[in-house]
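Dear colleague,

Please find the structure below, handed over for your use.

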Amino acid sequence: MTQALPLALKRSLVFLWLVFLLLLALVLGVALGAVSLPVGEVVSALLGLKENPRRF
């Protein structure tokens, strides 16, 4: 028989999924906004890995 996960672990897993979905929505919202940008470029900009962003 399988044991059920403790309530605290279930809540932690749900919280992590919600954080992941929030970050995914943020990246997709920026990438698919008024001007389409590649997702990799958006992630690089949000993480501060790109010094010179594109100018439109």
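**Helix packing and surface**

Helix α1 (residues 7-31) and helix α2 (residues 39-46) have axes that come within 9 Å and cross at roughly 115 degrees; axes are lines fitted to C-alpha atoms over the stretch in contact, with angles from 0 to 180 degrees between N-to-C directions. The two helices, α1 and α2, are therefore roughly perpendicular to each other (65 to 115 degrees). Their contact (heavy atoms within 4.5 Å) is made by Leu26, Val27, Val30 and Ala31 of α1 and by Val39, Val42, Val43 and Leu46 of α2. Of these contact residues, eight are nonpolar, none polar and none charged (Ala, Val and Leu are among those counted as nonpolar).

The model is predicted, with local features needing pLDDT of at least 70 and side-chain atom pairs pLDDT 80 or more, while totals for chains, interfaces and linings use all residues. Residues are numbered from 1 along each chain as its sequence is written, and side-chain values use heavy atoms, without hydrogens and water.

The protein has two helices and zero strands (DSSP runs of H or I, at least four residues, and of E, at least two). Buried residues (under 20% relative accessible area, 1.4 Å probe, protein chains only) make up 7% of the 56 residues.

Note on methods. Buried < 20%, exposed > 50% of the residue type's maximum accessible area, 1.4 Å probe, protein only. Parallel < 35°, antiparallel > 145°, perpendicular 65-115°, else oblique.
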